Amino acid sequence: MNNIPEQLIWMIPGLPLAAFVALFILVRSLKIRSNLNGYLAIAATAASFALSLWVAAGLFNAPAEHGITGFEWLNLGGILVIELGLTINPLTGIMLVVVTLVSLLVQIYSLGYMHGSKSLNRYFAFISLFTFAMLGLVMADNLLIMFMCWELVGLCSYLLIGFWYHRPAAAQAARKAFFITRIGDFGFLAAILLLFTSAGTLNVNDIHAAAIAGAVSSTVITWAALGIFMGAMGKSAQFPLHTWLPDAMEGPTPVSALIHAATMVASGVFLVGRMYPLFELSPTALSTVATIGAVTALFAGTIALVMHDIKKVLAYSTISQLGYMMLGLGLGDVAIALFHLFTHAFFKALLFMGAGSVNHSTGTFDMRKMGGLARLMPWTCATFVIGSLSLSGIWPLAGFFSKEEILNSALSNQPVLFAMALLTAFMTAFYMFRVVFLTFGGEYQSRLKPHESGKVMIIPMLVLAVLAVSAGWLNLTGRLTTILGHGHEQSWIYGFLGIFTHPLAWISLAVAGSGIFLAWAMYQKRWLSARKVAWTFRSAYTVFFHKYWIDELYEKYIGARLFNNGLFNLFNRFDAVVIDGTVNDVAGLNLKSSKAIRTLQNGRLTQYGLVFLFGIAAIALLVIFTG
Amino acid sequence: MGILSLTIFLPALGALAIGAIPGLSARFSRLIALAAATVSLCLSFYMFAVYDSAAGGFQFEDSFQWIPSINAGYHVGIDGLSLLLVLLTSLLGFISVLVSYKTELRPRAFFAWLLLLETSILGVFSSLDLLLFFVFWEIEVIPMYFLISNWGSGRKEYSAFKYVLYTLFGSAFMLAGIMGLYFTAGTFNLPELYQTELSLVAGSLPMAAMFFLLIIGFAVKLPVFPLHTWLPDAHTDAPTAASIMLAGSLIKMGGYGIFRICLGLFPGEAQHFAPLFMGLAMVSIVYGGAITLRQTDIKRLIAYSSVSHMGFVLLGLFSLHYIGLTGACLQLVSHGLITGLLFAGAGILMHNTHERHIKKLGGLARQMPVLAGVFTIASIGAMGVPGTSGFIAEVSVFLGAFSASSIAGSAVFTIISLTGILLAAAYMLTTLLKVFFGPAKPSFDSVADLTRLEKFYCGLLIAGIFLIGLYPAIATDVLEPAIAPLASLWGG
């Protein structure tokens with residue numbers, strides 16, 4: 001691993017943490033007013049990125065797993081021993097690069113996007129804390145520490161979605177995000193309890209070893225894997241725990257790019273990948289993952305078709321692509337899921353930044369108020385188109401290669417899921433180019449004079465555009481998937497061109513191409529009226545447009561009617577009427593009887609006398625009944 | 001008189017001075033109260049610093065004969081759990097004095113009662129003689145009654161009276177239990193009782209009867225469903241300082257009593273009845289949390305959340321497992337800090353806005369940013385977010401309770417109790433949303449944020465929450481010698 005000193009590896013999560021401490025605690029308490037906060041956070045992340053790249057390069061050449069022992073954090077009687085240690089393996093390496101790079105670019109972009117915003121100190125502090133927690137989650141070698149980072153990541157997401165807390169929608173979205181992901185965390189925590197009780201440890205490698213050695217029963221493994229997957233479903237917004245992610249778009253757009261597109265939402269995929277040995281031992285768990293993934297991919301894709309808000313389209317697209325990754329995991333292959341996670345992080349962050357750039361100059365996310373921005377914002381347009389092509393899976397961009405791997409695996413394992421994935425690919429190409437043509441094509445719709453965003457925003461987008469094109473090439477030789485544990489090495493020319501010897505490549509290109517063509521025909525050339533199409537398929541359109549009424553189901557029916565106003569209200573009234581009522585009745589009775597006794601005893605009875613009376617009565621009763 | 005006795009009685013001496021010196025001005029009574037509470041806090045810190053956790057056992061003991069004819073003595077001493085609770089109580093006592101520093105209504109009497117309250121709670125946590133324990137337990141009722149009924153709000157007389165009657169109801173059973181123990185073993189002395197194999201002595205009462213008599217008294221105080229309805233009334237109507245002492249420190253006497261007496265002296269009964277109490281814990285957690293969600297008065301909401309959070313204590317205690325017991329003890333301390341902070345924040349909020357109804361508040365993060373930050377921290381603690389003491393306490397309770405394989409149904413009770421963290425997230429996030437977020441209301445534009453004094457005491461509690469959350473060994477190291485011998489009674 002290039003013999004990187006361990007101290008430097010500790011600095012990968014350590015530097016963003018230090019930036020958080022410096023920004024949040026020191027600067028706030030000393031009341032230093034300066035604009036340097038952003039640069040401090042960026043410097044810390046940049047150094048962290050450089051170290052991550054170093055680590056990852058070492059792993060790329062010589063894949064291996066390294067454990068770095070830390071110190072004992074908690075020791076409860078030698079039964080529960082939690083050591084803070086780090087694990088470095090290819091899976092970690094790829095995540096380190098994704099997290100630090102996207103975080104770095106997002107923070108640079110934020111300098112432009114958030115310029116003039118209040119409380120930038122708080123903003124950069126939370127982003128730094130998020131980066132730390134995300135890196136901790138990736139590197140931790142202990143399930144409890146992973147869970148802690150997992151929750152901390154969720155807390156940062158909450159704080160950043162609600163960054164503009166005075167907006168009711170943002171504040172509501174923040175609460176919803178925390179709560180829905182916590183439903184998933186319930187499963188994760190239950191799995192931790194189960195694994196600790198069965199395996200006697202929370203160290204990830206020890207758990208895997210115990211499971212593989214057969215020391216843990218297969219029922220336990222299945223339940224634990226399902227619990228972990230429930231946690232992953234919450235964070236990765238998988239159906240039916242997906243409803244928080246579209247609402248989370250109320251947060252600042254750079255936050256959406258970082259947390260709700262590239263990193264945190266992918267951490268569910270990472271978690272399943274990290275705990276993969278358990279999943280491999282449970283066919284039930286694997287098929288659940290695959291099914292939920294494919295269903296989510298298709299389901300979210302249909303909603304993305306009809307959204308008017310550019311960020312909502314991207315949000316549903318993210319849910320859909322995360323479903324793709326889960327499908328990859330469920331098909332029995334960590335490597336292809338992680339490969340798609342890797343490429344997706346770049347092009348989806350790019351697309352969000354593009355949406356942010358458009359919003360920055362037009363002041364809206366509503367595509368009905370846009371159009372014709374191609375001439376006014378050429379850089380934004382060009383990079384957005386690159387991102388869309390990559391997401392649609394057009395050769396030779398990054399998305400093509402990673403999607404291809406998943407489709408290929410599905411084709412040979414699960415034909416039904418393959419069909420769902422292929423349909424999703426068609427919809428993906430269609431809705432992305434619907435966005436492209438509505439936003440950048442046609443005539444500008446509003447009176448405001450839009451302008452191209454500044455360099456500080458464009459440069460990160462250019463970097464991501466380069467990666468959206470080229471990130472897939474890392475695996476031309478099959479090296480990336482090989483070091484992730486599944487793949488075969490080949491020549492790069494074969495990887496680049498030879499892929500077309502397989503008909504699947506042609507099929508998927510044709511599917512994506514026809515999606516793009518349809519969008520072009522409907523929204524650029526307007527050969528087909530979008531209104532008429534919507535009218536023809538109005539029942540489906542209504543269902544998609546109302547997001548299958550799942551929010552209403554959760555909030556109005558389950559949340560409000562069943563629980564809050566139903567069961568909980570019942571409890572509340574039971575408490576007041578039955579329990580407290582009984583108490584008051586008994587007390588009233590006692591007061592009356594004490595008055596009676598008091599007159600008998602000429603008012604000489606003190607409170608303690610009464611107490612003794614009760615005590616003796618209680619003794620008498622207990623002797624009678626138990627003796 | 002040793003350092004421990006001094007710590008216990010200094011507040012009472014302060015109360016005596018405030019009461020006895022004729023014509024004492026409000027200013028001096030405040031100063032005396034502050035001095036007594038501060039010195040008591042410093043002594044607690046000193047004991048924490050010098051407590052020898054390697055040696056373990058009861059330390060700083062003081063013992064002399066009190067009523068020789070019945071072999072009752074004044075005997076105090078603290079182990080790791082008592083130590084942490086003494087530290088917590090003296091910290092909250094100190095903060096309570098600061099919270100009510102500006103009290104205008106008869107400050108002399110107020111501070112005298114507040115200090116007496118502190119002494120009685122400290123006495124409960126330190127007594128090694130059951131009669132002394134009972135005396136301190138009963139003394140506490142008197143100052144709390146006057147604090148609620150005179151300085152409270154709302155239906156204060158009703159709540160105060162209900163509190164007194166309910167406590168006396170519980171302690172009647174408890175006294176019967178203590179008497180039963182005395183007539184069985186012939187002593188009130190706890191260390192001696194630990195040495196006695198009670199089940200082998202032909203007792204005055206069946207063991208199970210004594211166990212239940214005692215635990216009813218403790219269950220009222222903790223509180224445990226269905227004996228909890230005094231708590232919301234008392235907490236809601238008490239003045240801020242009394243709410244802090246009540247929720248932060250006083251109800252911990254229930255958990256402490258179960259740990260020290262019910263589990264320590266009746267291991268067989270505890271094991272036999274563990275499923276019952278784990279079930280009650282589960283009901284307290286879920287039912288208490290569900291009712292919390294329905295509350296609209298901010299103090300009543302925090303009060304009901306205590307019912308849910310104290311359920312975790314009971315769940316951990318009856319796991320009869322080292323990890324669960326540690327979690328329960330941590331939860332006692334953690335909840336003291338977090339709820340202390342919540343009540344302190346609610347007190348400032350109500351004082352500055354003159355409003356306590358959640359739906360009428362809103363958008364205050366703009367006008368009171370520091371309070372919003374403080375409340376957010378307290379809330380994430382109450383939700384058990386990692387990094388706060390709430391997380392480590394709750395996760396230990398869950399791990400311990402789930403692992404308690406010898407107790408029938410422990411896994412089911414634990415998994416259902418796990419929904420408590422969802423309920424906690426729901427009610428805390430909703431409170432934050434309704435009180436602090438959303439558009440600022442012009443009617444609160446002139447509302448002041450925290451003063452320096454308020455920042456100081458909130459900061460103390462926040463420091464405690466994060467200290468235990470980030471470095472739990474600071475608490476678990478002193479707890480270990482207190483818990484290990486107990487856990488070994490059930491072989492874990």
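The structure is a predicted model. Chain B holds 21 helices and two strands, and the contact between the chains takes 47 residues from chain A and 54 residues from chain B.

**Chain B overall**

- The radius of gyration of chain B is 21 Å, close to the 23 Å that the globule rule gives for 492 residues, so chain B is as compact as a globular protein of that length.
- Its C-alpha trace spans about 70 × 60 × 40 Å along the principal axes.
- Of the 492 residues of chain B, 67% count as buried.
- Among contacts in chain B with a separation of 6 or more, 80% are between residues 24 or more positions apart.

**Contact between chains A and B**

- Chain A contributes 47 residues to this contact, and chain B contributes 54 residues.
- On the side of chain A that touches chain B, two or more residues come from each of strand S1 (66-76), helix H5 (143-161), helix H6 (168-199), helix H26 (550-600) and helix H27 (607-626).
- H6(A) supplies the largest share of that side, with 14 residues.
- By residue class, the chain A side divides into 30 nonpolar, twelve polar and five charged residues.

**Helix H6(A)**

- H6(A) has 32 residues and reaches 46 Å from its first C-alpha to its last, close to the 46 Å expected at 1.5 Å a residue.
- At Ile183(A), the helix bends by about 30°.
- H6(A) is mostly covered, with 25 of its 32 residues buried.
- Gly200(A) follows H6(A) and has a positive phi, near 75°.

**Largest nonpolar core**

- The largest nonpolar core has 435 residues, of which Ala349(A) and Ala421(A) touch the most other members.
- Helix H15 (residues 334-362) of chain A gives the most to this core, with 18 residues.
- Beyond its neighbours within four places in sequence, Ala421(A) is in contact with Ala294(A), Ala297(A), Tyr324(A), Leu327(A), Ile406(A), Leu407(A) and Ala410(A).

**Phe413(B)**

- Phe413(B) lies in helix H19 (residues 410-436) of chain B.
- This residue counts as buried because 27 other C-beta atoms lie within 10 Å, where the cut-off is 20 or more.
- Setting aside neighbours within four places in sequence, Phe413(B) is in contact with Met278(B), Gly279(B), Met282(B) and Ala401(B).
- Phe413(B) and Thr353(B) are 60 residues apart along the chain, and their C-alpha atoms are separated by 41 Å.

How values were computed
Residues numbered from 1 in each chain as written. Chains lettered and ligands numbered in written order. Predicted model: local features only at pLDDT ≥ 70, side-chain atom pairs only at ≥ 80, totals over all residues. Core = buried A, V, L, I, M, F, W, Y, C linked by C-beta atoms within 7 Å. Buried ≥ 20, exposed ≤ 12 C-beta atoms within 10 Å, placed from the backbone. Helix = DSSP H or I, 4+ residues; strand = E, 2+ residues; numbered from the N terminus. Contact = placed C-beta atoms within 7 Å. Nonpolar A, V, L, I, M, F, W, Y, C, P; charged D, E, K, R; others polar. Expected span 1.5 Å × (residues − 1). Bend = angle between axes of the 7 residues up to and from the residue. Rg over C-alpha atoms; globule rule 2.2 N^0.38 Å.
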